Structure formats: structure tokens, C-alpha cells
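Dear colleague,

I am passing on the structure below, together with some notes on what was found in it. Please read the notes with the coordinates open beside them.

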Amino acid sequence: MEKKLLKRIEVLRKKLNKFGLTHDLIDHEVVEISQQLDSLLNQYQRITSREQLSFW
């Protein structure tokens, strides 16, 4: 699950970089991709923080 999530994060990160170079940063598509990426990053952070807590 974690590897799959990291792959999705990387794909969106690259897409955001590409769109950010060719569109205004307030463009609807750029904002939408950024929000999707934020959501995935939040999911990843929740997963990794739980794993760290369970380690202790």
C-alpha cells in the first residue's frame, strides 16, 4: 500500500511540475492537481506516523 501511494504521489508531483510551467498557478487544473497531491501526502503522513507510533 505504502509503495503504491508513493508512486501515485510521484506521478502527481511530476504532473504538477509540468502544469505549473505551462499554466498560471491559479489555473483550475493546477489547483486541482495540487489538492489531489496534498490529499495523498496527508494520507502518507498518517500512515507513516501510525507506523512510527506502533514501533514504540
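The helices in these notes are DSSP runs of H or I with at least four residues (strands would be runs of E with at least two), and they are numbered from the N terminus. This is a predicted model, in which local features need pLDDT of at least 70 and side-chain atom pairs count only at pLDDT 80 or more, while totals for chains, interfaces and linings use all residues. Residues are numbered from 1 along each chain as its sequence is written, and side-chain values use heavy atoms, with hydrogens and water left out.

I begin with helix 1. Helix 1 comprises the 21 residues 2-22, and at 1.5 Å a residue it should span 30 Å, which agrees with the 31 Å between its end C-alpha atoms; the expected span is taken as 1.5 Å times one less than the number of residues. For burial, I call a residue buried under 20% relative accessible area, exposed over 50% and partly exposed in between, using a 1.4 Å probe and protein chains only. By that rule, Leu-5, Ile-9, Leu-12, Leu-16 and Phe-19 are buried in helix 1. These residues lie on the same side of helix 1, because they cover an arc of only 100° around the axis, the arc being that of the directions from the helix axis to the C-beta atoms. On the other side of helix 1, the exposed residues are Lys-3, Lys-7, Lys-14, Lys-18, Leu-21 and Thr-22.

Lys-3 is found in helix 1 and counts as exposed at 74% relative accessibility; its C-alpha atom is separated by 12 Å from that of Gln-43, 40 residues apart along the chain. Lys-18 also lies in helix 1 and, at 59% relative accessibility, counts as exposed, with 9.4 Å between its C-alpha atom and that of Val-30, 12 residues apart along the chain.

Next, the core. A nonpolar core here is a set of buried Ala, Val, Leu, Ile, Met, Phe, Trp, Tyr and Cys residues joined through side-chain atoms within 4.5 Å. The largest one has 10 residues, namely Leu-5, Ile-9, Leu-12, Leu-16, Phe-19, Val-30, Ile-33, Leu-37, Leu-40 and Ile-47. Helix 1 and helix 2 (28-55) are the elements that give two or more residues to this core. In general, nonpolar side chains tend to be buried together in soluble globular proteins.

Which residues does Leu-12 touch, not counting those up to four places away in sequence? With contact meaning heavy atoms within 4.5 Å, Leu-12 touches Ile-33, Gln-36, Leu-37 and Leu-40. Val-30, leaving aside its neighbours within four places in sequence, is in contact with Leu-16, Phe-19, Gly-20, His-23, Asp-24 and Leu-25.

On the charged groups, a salt bridge is a side-chain nitrogen of Lys or Arg within 4 Å of a carboxyl oxygen of Asp or Glu, and by this rule the count comes to two. One joins the side chains of Arg-13 and Glu-10 at 2.6 Å, N to O; being three residues apart in helix 1, these two are separated by about one helical turn. The other is between Glu-10 and Lys-14, whose closest N and O atoms are 4.0 Å apart, and which lie four residues apart in helix 1, again about one turn. Arg-13 counts as partly exposed at 36% relative accessibility, as does Glu-10 at 28%, whereas Lys-14 counts as exposed at 51%.

Thr-48 is in helix 2 and is buried, with a relative accessible area of 17%; a polar atom of its side chain lies 3.2 Å from the backbone oxygen of Gln-45. Ser-39, also found in helix 2, counts as partly exposed at 35% relative accessibility, and 12 Å separates its C-alpha atom from that of Leu-6, 33 residues apart along the chain.

With best regards

Technical notes:
A polar contact is a pair of N or O atoms within 3.5 Å; within protein, one must be able to donate a hydrogen and the other to accept it, and residues adjacent in sequence count only if both atoms are side-chain atoms.
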